[in-house]
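These are my notebook entries on one protein chain.

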Amino acid sequence: MRRRIAGLATRVSALRPWVRAQSGPFTQLSHRQVHTLQEHYPVVICGGGPTGLALSVLLGRYGVASAVLESRRELPRHPQAHYINNRTMEVFRAMGGGLADDVKRLSPPLDLWRSFVYCESLFGDVFGTVDHFKGRRSAQDPAVSPEPVAHLSQNQVAALLHRHAQTPHNAVFMGRTASNVQLWPKVSPGHNASMMQGRATNVVTSDRLTKTPTPANGSSTGVAWDCHAGGPPSLAAAVTVDVRGWGSTQRVGCDFLVVADGANSRLRDELGIQMEGDRAIQSLMNVHFSSPQLARRLRTARPAMLYFVFNAQVIVVIVAHDLTTGEFVAQLPFFPPLQRAEDFTEEVCRALICGAAGEGGMPDATIHSVRPWTMSAEVAASMQLGRRVFLAGDAAHRFPPAGGFGQNTGIQDAHNLAWKLAAVLQGRAGAGLLESYEAERCPVAQANTALSVANYRESLEVPRLLGLDPRAAAALTAALTSLPAALLPSSMPAALFRGGVQLGQRLAGVRGPLRSWRAGSLCRLFD
């Protein structure tokens, strides 16, 4: 149990802004574009999250120019991940520029995030506590790695990487969306070849890099292989994309395209690459809020990284992203279609998180955002198209947060790919080296998916012992949305669901009729 529960260290990441103003909670970074988008780059990276930015920084260390295209116009504020493992810290150290030191400096002191607490409320009865650094005073274990693990919100990591990625030769372009991917055989001037759509197994080309994949299901990849129609921006381009943003559209060519535009990747869909696995394990509402008063109380009474709260009013996981500043994320179970995202108003969310706090509540709480999220466990059917187009990060794999594998796996994808692209571009290795990317990273993604799912299932043991088995809520949802239930008045299924959940919560916990048995079971679980 202790090993599995440790995996929940990325239940959600909370938001702590990179720059903090005296007059308010947030100050935006300046995103003034200091580069002009060129016609051609050795590498174009679609997606300016941690994976794409890490790849750009690493390529820059190898002397390879790149352009990062990010659809958002500003760095993200909404939290996503927060646990950074040893291997990712080693990658940060390899990036240079003091990046690893910055992450360690910004991470809160270990004593504020070393534990998970299972409780009736934040200041109420405790069912059990798990210390993931038992007997240790440091987040670093020299027997494992020269670098420690860290606890830092993904938006802060992205801000650090964004600064490192802006160099004279590498650029991050905000507010730019890529589409219309075309792969071009790199032919000599005057070579005549016809345009092909989908499979391009018969393309005549002098470029050994243009090795064409055939999907496992035999279907078209949906990628255009174009040898005329105006041609690429230059004869050096092997891949082109249309880049839209800020009122204009420009075709940009590159030798290699990396798709790192997130879990809901539009480019992955455009390329025809399917995801395999479980698309919807659980739905949750993420409530990002801040409460300096709550943080002060928790620092003194019960510091932890995660608080699993179970009481008659609310079931929630609260992630303490930084107990020094008071930034939190609450994860609330969400059961569509019987519940709607619109039902979780700011007023409702405030009442729920105050119910989790227990006595004293949190009168100073400020809610910054509320948004739904679906937990998935999927890996792309292919992580590359031939030797020209690659998927990385959440575009290639989506995990439950239990274990903290999401951001870490993406950054490690970037590390694996960066040196290979540099070696091929600089003539130090043959193009066949690039085929090792999928061969090496796909098994890692599959293994991390399996472990994340196992960790998630193990984490449900506590609510099951408390009489809060998530399968019961799922079964109730399925029953109320079945065909017979559809004959009921439109408002009745949702009302029956609310009543069933409320009854279950009142009967659950260590105060219900099975109090003694449940308390004993919990004690044995945490021993």
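Entry 1, the whole chain. I looked up burial and found that 54% of the 527 residues in the chain are buried. The model I consulted is a predicted one. I then listed the secondary structure, and the chain has 14 helices and 20 strands. I also examined contacts between residues at least 6 apart in sequence, and 75% of these join residues at least 24 apart.

I selected helix α2, residues 50-61, and helix α3, residues 86-95. Their axes lie 9 Å apart, and the two helices pack at an angle of about 40 degrees. Which residues of α2 meet α3? I found Ala54, Val57, Leu58 and Arg61 on the α2 side, and they meet Val91, Ala94 and Met95 in α3. Sorted by class, this contact has six nonpolar residues, one charged residue and no polar residues.

I located serine 290 in strand β13, which covers residues 275-290. Is serine 290 buried or exposed? Its relative accessible area is 13%, and the limit for a buried residue is under 20%, so serine 290 is buried. I next checked its side chain, which makes a polar contact with the side chain of histidine 368 at 2.9 Å. Leaving out residues up to four places away in sequence, I recorded that serine 290 touches Gly326, Glu327, Asp364, Ala365, Thr366 and His368.

Conventions: Residues numbered from 1 in each chain as written. Predicted model: local features only at pLDDT ≥ 70, side-chain atom pairs only at ≥ 80, totals over all residues. Heavy atoms only, no water. Axes fitted to C-alpha atoms, helices over the stretch in contact; angles between N-to-C directions. Helix = DSSP H or I, 4+ residues; strand = E, 2+ residues; numbered from the N terminus. Contact = heavy atoms within 4.5 Å. Nonpolar A, V, L, I, M, F, W, Y, C, P; charged D, E, K, R; others polar. Buried < 20%, exposed > 50% of the residue type's maximum accessible area, 1.4 Å probe, protein only. Polar contact = N/O pair within 3.5 Å; in protein donor to acceptor, adjacent residues only side chain to side chain.
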